[in-house]
Amino acid sequence: GNASLEVGNVYIEENEIDVGDYGIEFYGYDVGYEMNDNSSLTIGDILVNDNTISSDDYGIYVDCEYFGEYMYGNSSVTMGNIEFCRNVINSENDGIYLYEFYEIGYEMNDNSSFTMGSILVNDNTINSGDEGIYVYYFEYFGEDLYGNSSFTMGNIQFNGNEINSDDYGIYV
């Protein structure tokens, strides 16, 4: 059919968090998954910015899988930036743990299209008992494109972060 969904920005901003577990846990599963025909999805920016976090585990834990996977026909996904910027994090484990950015724009067919902004991890202040920023699994971006399908993505940035950690500052 001609299904269409529009979502504005997603804000997780200006929070003061003091917890014994994860400060912020963000799961983004199945966004634009198995879209067909003339369906479309538009999402604004996902903003995890300007938070102050004290955590006995991870400061920010992120798991984003299956964005724009198995798209067919003239289906389309358009989304803005994903930002983790200007956060102040004191954590016993990793400050920012980007566990999975996995199968984004994966196995697209026909005339389907996936357009995404940038992934920004900038200007954070991190004190951690393990890695400051740990990137575990960035894989399968725009893989297995068939027909006239297209995948477009902005930059991946790690800029201006101040990190004091007991292990690696940034581990990719």
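Select Ile 156, which at 40% relative accessibility counts as partly exposed (buried means under 20% relative accessible area, exposed over 50%, and partly exposed in between, with a 1.4 Å probe and protein chains only). Ile 156 lies in strand 18, residues 156–159 (helices, H or I of at least four residues, and strands, E of at least two, are DSSP runs numbered from the N terminus). This is a predicted model, in which local features need pLDDT of at least 70 and side-chain atom pairs count only at pLDDT 80 or more, while totals for chains, interfaces and linings use all residues. Residues are numbered from 1 along each chain as its sequence is written, and side-chain values use heavy atoms, with hydrogens and water left out.

Stay on Ile 156 and show its surroundings. Not counting residues up to four places away in sequence, Ile 156 touches Ile 119, Phe 138 and Phe 141 (contact means heavy atoms within 4.5 Å).

How many salt bridges does the structure hold? It holds one (a salt bridge is a side-chain nitrogen of Lys or Arg within 4 Å of a carboxyl oxygen of Asp or Glu). Arg 86 forms a salt bridge with Asp 50, and their closest N and O atoms are 2.9 Å apart. Arg 86 lies in the loop between strand 10 (82–85) and strand 11, and Asp 50 in the loop between strand 6 (46–49) and strand 7, so the pair ties together parts that are 36 residues apart in sequence. Arg 86 counts as partly exposed at 40% relative accessibility, and Asp 50 as partly exposed at 29%.

Move to Asp 94, in the loop between strand 11 (88–91) and strand 12 (96–104). Asp 94 is buried yet has no salt bridge, and the nearest side chain of opposite charge, Arg 86, is 22 Å away (Lys and Arg count as positive, Asp and Glu as negative; His and the chain ends are not counted). Leaving aside neighbours within four places in sequence, the contacts of Asp 94 include Asp 57, Tyr 58, Ser 128 and Asp 130.

Pick Asp 57 from that list. Asp 57 is found in the loop between strand 7 and strand 8. Asp 57 is also buried without a salt bridge, with Arg 86, the nearest side chain of opposite charge, 24 Å away. Beyond four places in sequence, Asp 57 touches several residues, among them Asp 21, Tyr 22 and Glu 92.

Now colour the backbone by phi. Glu 107, in the loop between strand 12 and strand 13 (113–116), has a phi near 50 degrees, a positive value in a residue other than glycine. Glu 107 is partly exposed, with a relative accessible area of 24%. Asp 144 has a positive phi of about 60 degrees although it is not a glycine. Asp 144 lies in the loop between strand 16 (133–141) and strand 17 (150–153) and is partly exposed, with a relative accessible area of 28%.

Last, select Val 10, in strand 2 (residues 10–13). At 31% relative accessibility, Val 10 counts as partly exposed.
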